[in-house]
2 protein chains.
Amino acid sequence: MPATRGRRAKRMNGDDREAAILEAAEQLLETHGLHELSIDQIARGAGISRSSFYFYFPSKEAVLLSLMDRVIGQANARRDAALAAAGPDPRNLVRAGITAFYDTFREHRAVALAAAESRITTPEASELWSRVMDSWVAMTAGVIAHQQEVGSLPPSAVSARDLATALNLMNERVLHATFAQDTPSIDESAVVDTLVTIWLAAILGPSPSGPSQDPTTPPERPR
Amino acid sequence: MPATRGRRAKRMNGDDREAAILEAAEQLLETHGLHELSIDQIARGAGISRSSFYFYFPSKEAVLLSLMDRVIGQANARRDAALAAAGPDPRNLVRAGITAFYDTFREHRAVALAAAESRITTPEASELWSRVMDSWVAMTAGVIAHQQEVGSLPPSAVSARDLATALNLMNERVLHATFAQDTPSIDESAVVDTLVTIWLAAILGPSPSGPSQDPTTPPERPR
DNA sequence: CAGAGTATCGACACGGTGTCGATACTGTCA
DNA sequence: TGACAGTATCGACACCGTGTCGATACTCTG
C-alpha cells in the first residue's frame, strides 16, 4: 500500500478511520488470537498511533464487539431467510438453520474465534453472545415442542428447552473446533452433515425413517 | 488459621510449599477466573512472596497444568472403573461414561473452568486437553462402530469418528456452560439425562426402546 | 481569518511479569 | 561443632501493555 499517490492523504474523517480500525483488526485476527494482539498493532494497522486509537474505541474488546455485531446481524438475517425458504419440514428446517450459522461464521472465522476468546474476559461480549444463543435455543425449542405435539417425538424425560440448549451448544463448540482446526475436530466438508444427523436423531427421535406427517419430502435422505 | 501454635513454623519444605501453592490456586479459582488472578495473589495465598513463587513454577499457567493433570487422572480412573462395571449394553456404557466425566469435573469445577480459559493462551494446556478429548473420542467411536456392526445403527453417511467427536465436544461445552452457569445452560439436575438422551438417539438411532441384544440389563433405566 | 470542533500525538503513571543477586535457613559430614 | 552445600526466600530492577492527560495540528463554517 503506497501512500495515496503524490500528496499524502493526511487526515481521515472519523468514520473512515473507524472503519479502518475495524478492518485492520479483522485482518490481524486472521493470523493472531485476540490475546496476542496489542492495541498498538491494531492502531498501526489502521495508520494511527496507539493513543489515537482511544479516540475511537475504549479497548480492543470494544472493537471486537463492533465486529461481532456486524457478523451476528448477518447470521440472523441469513437464518431468517433460510428458514422462510425451508418450509415446515423439520429436516429442511434443521439443515437450513445450521447451514446459515455455518456459512456466516465460516466467512468470518477470525471474528468467531476471537469472540469465543473475548467472552471469557469481557462481560459485554459474554452477554451479547448469550442473547444470540438464547434466540437460537428458543427457536429450536419451538420446533422440538411442535414435533412432540405432532407425535413424532415422544415427550421424553428431558425438556424441549434443555434438548435445544444442548444441541445449540454442540453446534457452537463443534464449529469452533472445526474453524480453529482443533484436535479433535471435524473436517469442514463433513461438519454440517454430522450436526444435522445428530439433530435429526434427537428431535425426530425413535421414528426410524417413516415420515410421520409430511410426505412431501422423501423419508430417506442420503447425501 | 493461626500461625502454628507458639513458635512460628517458618520454613516449609519444598513439596509442602508446592502443595500449598496448588491448594491456594485451586481455592482462589473457586471465586476468580484465571485471568483475574495475579501470581502475587497465588503466592500470598501460599504464604510466600511473588518472586519465591518462581522457585516452584515458571508461571501461573504451569500451576494450572499441574492441577489439570491431577483432575484428568481422576476422571480417567473413574471412567475406566465405571465402564468396567457397566457391562456391554451401550445404554449403560454411555451413561456411565458421561457420569464419570460429570462427577469429576463437578468436584473440581474451578479447575475445569480455568482449564478452558487456559487452553486459549497456553499451548501446553491445549495439547493436554486435546489428548484427553482424543481418548474419549476414540473410545466413543469404538462403541459406535460396534453398534453399526451389530446392526442397530445403520451405517449412516457420517463417520463413526465424526459422530463421536461431535458428541464429546457437546459434552465438553454443555458441562462447561452448566458449571459456569452460562446463559443458556442446563441445570445440574438435568444435564446428565439430557446428554444421555442425545447420545442414545445418535448412536442407537432408529431403534426406539427395544433392547437390541443384551437382556441382562433392563431397557428402562430411570434415575 | 477566527474560533469550534475534530483528530492526532507524546509523555506519564500504573500494574503485572520475569530475572538476578543477595541473604537466610537447614541438614550433614569431618 | 562448625563450616559447607544445597534449599528456600526476598527485594530491586527492567520490561511491556494499558489507559489518561494535556498540548498541538488540522478542518470546516460563519
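## Where the two chains meet

In this predicted model, chain B and chain A bury about 3,000 Å² between them, 74% of it on carbon and sulfur atoms. Buried area is the accessible area (1.4 Å probe) that two parts lose on being put together, summed over both. Within what chain B buries against chain A, 20% of the area is supplied by B:Leu169, B:Arg173 and B:Pro184, more than by any other three residues.

Let's look at who touches whom: 35 residues of chain B are in contact with 35 residues of chain A, where contact means heavy atoms within 4.5 Å.

## Bridges across the interface

Between chain B and chain A the rule finds 2 salt bridges (a side-chain nitrogen of Lys or Arg within 4 Å of a carboxyl oxygen of Asp or Glu). B:Glu172 and A:Arg173 form a salt bridge through their side chains, at 2.7 Å, N to O.

Now for the DNA. There are 20 residues around DNA strand D, and A:Arg50, B:Gly14, B:Ser49, B:Ser52 and B:Tyr56 come nearest (near means that a heavy atom of the residue lies within 4 Å).

## How to read the numbers

Residues are numbered from 1 along each chain as its sequence is written, and chains are lettered from A and ligands numbered from 1 in the order in which they are written. Local features need pLDDT of at least 70, side-chain atom pairs count only at pLDDT 80 or more, and totals for chains, interfaces and linings use all residues, while side-chain values use heavy atoms, leaving out hydrogens and water.
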